[in-house]
Amino acid sequence: MSPRAGKNTGPTPHTLAFVESPVQLLNVLEWAYARELHPGEEPGAGLTLVVLSPTDPMTRGQLRRMAELARREGHTVRWEEARGGTTAPFRTIGGLTGLLRRAERMVMGDPFSRYVQLLLTITGASELVVVDDGTATMEFVGQLARGERLVRWHRNGGRSGPRDLLFGPVSAAARRRLAPGPDRRVEVFSSMPIRQAPDGVTLTPHVFAWTRERFGPPRVKSSADMVGTSLVETGVVDGDRYLEAVRALAAAHGATRYFAHRRESTDKLHRLAVETGLEIVRPDLPLELIARRGPIGRTVLSFPSTVVHTLPLALSGTDVRVAVCDIDPAWLTEHASPRAQGFLSGVTGTARDVHRLAAVSVV
């Protein structure tokens, strides 16, 4: 294990990357690989990946597997127990302050993260890079272009709570820092269909070149696989309606496996297994890598999510078909954000190289 970032040993890194999820770490690896394709540069030189570790065991396990892949690529990985008790954030930020102020470039996976927003107010980097954090990247770029405060799409549109008000000045300062200026370059490295970007922001296509170079091609099975979503856990979709939709979709397309999202609850997954007969698979790596390594179903079924954009890229050159099922507005909970239906429809409607399925009938 590389030393904790807080120990601040060795020379100052050229680039500091902050990740909080396995997918963010994967996309930093993809960004570093894409930069190496440009002659005359030494991208990746001095790249230090700082993992701001969450407490969720499944996410931590995937992050450790991804960290090993990063080390094999020659990158330095520093693991921070950033949420290990009430004093952990102070230790983490205190240990990173010197590195942040001296680093030339800061790469981040989640500009909505309060941790990342706080780090943005400290950094002296002249170049900021945002790599994909799923469909949230689309919302981030749109909000930045419109000059809005940074709010996750699935949050309810009600009044801000006390913590939001307390953190408001930090969030506003981070949003200003993410705007390009004469002395600051901003890049968004994305596989998402971004339609609106602020002037001066560089959009770099993310095509999963590293994933396709390092893994596969996969063995393709004749059956179908299904990709899970955390829309129930985030309070967007009703749990009973979701289960019925999964059952109907699996029966219609002959799905045999269900790849669980890392945030899906154990109780929900147990119920899915019992009531649908699907084999529940908890991936130990991001789904793009799992699918590329194989075996994978000839058809991959999904509800609106990041994978309808990323899997066709990761599986380019194979015979796998990605099919996306729309979310019926009747499935939404009363607590869902007013923006939820429009955002989910946009995720589906802008997906390239996927087969679009109508919402299944749920009683």
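What share of the 363 residues of the protein counts as buried? The answer is 53%, with buried meaning under 20% relative accessible area for a 1.4 Å probe, protein chains only. The model is a predicted one, in which local features need pLDDT of at least 70 and side-chain atom pairs count only at pLDDT 80 or more, while totals for chains, interfaces and linings use all residues. Residues are numbered from 1 along each chain as its sequence is written, and side-chain values use heavy atoms, with hydrogens and water left out.

Seven of the strands make up an open sheet with parallel pairing, in the order 3-2-1-4-5-6-7, where a pair requires at least two DSSP bridges between two strands. Strand 3 (76-80) and strand 7 (201-205) sit at the edges with a single partner strand each, so one side of each has no neighbour in the sheet. Neighbouring strands here are turned by 20° against each other on average, direction ignored. Within the sheet order, strand 1 (residues 15-19) pairs with strand 4 (residues 105-108) in the parallel sense over four bridges, and Thr 15 has Arg 105 as its bridge partner in strand 4.

Helix 5 (residues 136-146) lies across strand 5 (127-131) and strand 6 (185-190), running at about 150° to strand 6; axes are lines fitted to C-alpha atoms, for helices over the stretch in contact, and angles run from 0 to 180 degrees between N-to-C directions. Nine of the 11 residues of helix 5 are buried, so the helix is largely enclosed by the rest of the structure. Among them are Met 138, Phe 140, Val 141 and Leu 144. Just after helix 5, Gly 147 takes a positive phi of about 70°.

Then there are the nonpolar cores, sets of buried Ala, Val, Leu, Ile, Met, Phe, Trp, Tyr and Cys residues joined through side-chain atoms within 4.5 Å. The largest has 42 residues, and those touching the most other members include Leu 25, Trp 210 and Leu 289. Helix 1 (residues 22-35) gives this core its largest share, seven residues. Apart from this core lies another, of 31 residues, among them Leu 16, Ile 93, Leu 99 and Met 106.

How values were computed: Buried < 20%, exposed > 50% of the residue type's maximum accessible area, 1.4 Å probe, protein only. Helix = DSSP H or I, 4+ residues; strand = E, 2+ residues; numbered from the N terminus. Contact = heavy atoms within 4.5 Å.
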